[in-house]
Amino acid sequence: MSQDTVALAFSGGLDTTVTVPLLKEEYGYDEVIGVTVDVGQPASEFAEADETAEALDVDHYVVDATDAFADLLMDAVKANATYEGYPLGTALARPVIAASIQAVAEDVGAGGLAHGCTGKGNDQLRFEAVWRQSDMEVIAPVRELNLTREWEIEYAEEKGLPIDSGNDGTWSIDSNLWSRSIEGGKLEDPGLRAPRGHLRVDRGADRRRGLVEIEFEAGVPIALDGEAMKPVELVTTLNEIAGAHGVGRTDMMEDRILGLKVRENYEHPAATTLLSAHQALESYVLTAETLSFKEQIDDMWAKKAYQGLLASPLVDSLDAFIEDTQTPVTGTVTIKFEGGQARPVARESDQGVYSEAAASFNTEAVMDDIEQGDATGVAKYHGFQDRLAASIQASTDVGEFAAEDISTED
Ligand code: ARG
């Protein structure tokens, strides 16, 4: 293969399907290879991509990036990462997918990298933030040729392209280990209640496991109910258990990078559970000031993740801070699934910044040399400045003085 080959981010969906002939007709490439990256989407999606690639006579590569993606998810847990309440599944996956596609393109000596994103969303920006570091040509036919869904369907029909499988235009789904995102189609009406059945885990799920114990080591979840698990297995298992209880469902208006507000539906049971457990443990083992300062750091980390710009000097610095705070985040949190929530109900750690003797209503002393009575002096000072300000205002009678001062009568 050669410079005349272009590597396309390939899902087998409508956009990537019509992109294949366009890369030849409009951009002059001789050969298109399709690359599908495994970030934990359902097996049916690979089958669909494979079938479509075969029908299009495109060489199809599948790259397993589940471990790399899951490692990044563990960083997201340490950073308590959410954007406007959404745990960033699509956003975190894109740079991993982009890097995997680029690696294949380099292997085959391709000259170009292409995606099927429109010019309205975030994913075009996330892909290209990675690819534009290479010296390959970056191509976005749907955006550059200003294509609409309607035009694509017509073009596909004209050309006899395979677009039947899973492409009825009801909505667009993006699934991976961390979340399943549903947008577009009928959901573009924010006032429309999403119909039943558009969520993956709905009826008939096994709700028997209502309580789980998650063990963390230095901020990373490492075991579920006492059984050691690697990140991929842990996340997959929790998606099943927590998903059965309807945990991690979000229906929101989301502010995209370009400023567009869009309606999004998400499912993210494992993410919600792990983030809730991690935060419960942090609140036990970190000091109040570390917790409140870390909120700002976490917030910036999540913004950069949403933008697909985690590879930046700022994020390296944020990571250094986050990493330093996580040493004591070691212990176990019990989560109860109830009413669609993942609620922490118990935590254990020998790193807790907590003394039962100090906090208890049943003991007199706080610590060896601090008595309950020592708080009297603190209580006298507390609010002193406000009391002083109130008494000064009362004695100077500001209202009358001002009225006299502006009088112009004599
Ligand atoms: N709006 C989300 C984001 O930018 C998800 C986009 C996912 N794409 C989809 N076809 N459902 O992170």
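This is a predicted model: local features need pLDDT of at least 70, side-chain atom pairs count only at pLDDT 80 or more; totals for chains, interfaces and linings use all residues.
Now zoom out a bit. That pair belongs to an open sheet of four strands, antiparallel, in the order β6-β7-β12-β11. Which strands stand at the edges? They're β6, residues 172-175, and β11, residues 249-255; each has a single partner strand, so one side of each has no neighbour in the sheet. Going from one strand to the next, the twist averages 25°.

Next, the other sheet I want to show you. Here we've got five strands, again open, but with parallel pairing, and the order is β3-β2-β1-β4-β5. At its edges you'll find β3 (59-64) and β5 (137-139), and because each has just a single partner strand, one side of each is left without a neighbour in the sheet. Neighbouring strands here are turned by 25° against each other on average, ignoring direction.

Inside that sheet, look at β1, residues 5-9, and β2, residues 31-38: they run parallel and are joined by five bridges. For example, Thr 5 has Glu 31 in β2 as its bridge partner.

Last stop, a helix. Ile 392 sits in α14, which covers residues 384-396. So is Ile 392 buried or exposed? It counts as exposed, because it has 10 C-beta neighbours inside 10 Å, and the cut-off for exposed is 12 or fewer. And compare its position with Val 329: they're 63 residues apart along the chain, and their C-alpha atoms are separated by 48 Å.

Definitions and conventions. Residues are numbered from 1 along each chain as its sequence is written. Helices (H or I, at least four residues) and strands (E, at least two) are DSSP runs, numbered from the N terminus. A residue is buried if 20 or more other C-beta atoms lie within 10 Å of its own, exposed if 12 or fewer, and partly exposed in between; C-beta atoms are placed from the backbone. Two strands pair if DSSP finds at least two bridges between them. Axes are lines fitted to C-alpha atoms, for helices over the stretch in contact, and angles run from 0 to 180 degrees between N-to-C directions.
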